[in-house]
Amino acid sequence: MGKAISSQTCYGSEPGRCNLAPVQEYSQDVGTKTDLVTMNPSVIQRAFEDLVNETWREKLLQRLHSLNGSILWIPAFMAKGGKERVEWVNELILKHRINVRTAYPSLRLLHAVRGYWLTNKVHIKRPTTGLLMYTLATRFCNRIHLYGFWPFPLDQNQQPVKYHYYDSLKYGYTSQASPHTMPLEFKALKTLHQQGALKLTVGECEGDT
C-alpha cells in the first residue's frame, strides 16, 4: 500500500501522495510526479525516530528536499501531540530554504469531512488522510483515480500485502482502539467506484495514468 491520488482537471493530471511517501527509489512502480504531499505529525515519530540525532534529521531533510516545489499539506491540529513535531519540520524548511509550500487545514475541516460522510451513512470515528484528500479532490477535480486504498492484510488473491510499500509498519485494521475505520471507508469508496464517481485501482495498474 501507500496511498496516492491522481486527480485530473482542465489543467491536467495532479498526483497527490500521503504521509511523505518516498518515490525516487520506487519510481518504476509509483512514478515520480508529485504536486501535493500530506504529512501527519505522527510520521516524524514513526518514520524518523522523532529526530533523535543528526542521522534522522538528515533523512527527513532529504525527504523534504525531494518534494521540490510540491505543496506539503500538514493536518497539524487533527490529533493531540503533533504541535511540537510540526514546529520541527517548519524550522528545517525555513533554515534550509527547502523549495516547498506548506498548508495547514483548520480543525473545522475534519469536522466538516466527518459530518459529510456521516450524512452519507459512513459512520467513521475519524477520517483517514486518504479519505480527507479524496473529499478535497471532489471539490476541484473532474476525474479522480485512487491507488493504494486497500485496507486488508491480504490482496484479492489471498497473498499478503504490506500496509505501506516503503516500510514494515503493521496496522490493526479491525482494532477497536484505532481512530480510523478503514474497511468501512473502503466499502464507501468501492460503492463510488461502481457508480463511476472515481476509479479505484486495487491491483496492477494495467496502463493507468
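**A quick briefing**

With a relative accessibility of 30%, Asp 35 lands in the partly exposed class. Keep in mind that this is a predicted model.

**Around Asp 35**
- Asp 35 sits in the loop that links helix 1 (27–30) to strand 3 (36–38).
- Gly 69 is 34 residues from Asp 35 in sequence, yet their C-alpha atoms are 7.8 Å apart in space.

**Helix 5 against helix 6**
- The axes of helix 5 (residues 107–119) and helix 6 (residues 129–140) come within 11 Å, crossing at roughly 85 degrees.
- Angles of 65 to 115 degrees count as roughly perpendicular, so that's the label for helix 5 and helix 6.
- On the helix 5 side, the contact uses Leu 109, Val 113, Tyr 116 and Trp 117, while helix 6 brings Leu 131, Leu 132, Tyr 134, Thr 135 and Leu 136.
- Sorted by type, the residues of this contact are 8 nonpolar, 1 polar and no charged.

**The nonpolar cores**
- The largest nonpolar core holds 24 residues, and Trp 117, Tyr 134 and Leu 200 are among those with the most contacts inside it.
- Helix 5, helix 6, strand 6 (143–147) and helix 7 (182–194) are the elements that each give two or more residues to this core.
- Helix 6 supplies the largest share, with 5 residues.
- Leaving aside residues up to four places away in sequence, Leu 200 touches Leu 146, Phe 149, Phe 186, Leu 189, Lys 190 and His 193.
- There's also a second, separate core of 20 residues, including Leu 20, Leu 64, Ala 76 and Val 86.

How values were computed: Residues numbered from 1 in each chain as written. Predicted model: local features only at pLDDT ≥ 70, side-chain atom pairs only at ≥ 80, totals over all residues. Heavy atoms only, no water. Axes fitted to C-alpha atoms, helices over the stretch in contact; angles between N-to-C directions. Helix = DSSP H or I, 4+ residues; strand = E, 2+ residues; numbered from the N terminus. Parallel < 35°, antiparallel > 145°, perpendicular 65-115°, else oblique. Contact = heavy atoms within 4.5 Å. Nonpolar A, V, L, I, M, F, W, Y, C, P; charged D, E, K, R; others polar. Buried < 20%, exposed > 50% of the residue type's maximum accessible area, 1.4 Å probe, protein only. Core = buried A, V, L, I, M, F, W, Y, C linked by side-chain atoms within 4.5 Å.
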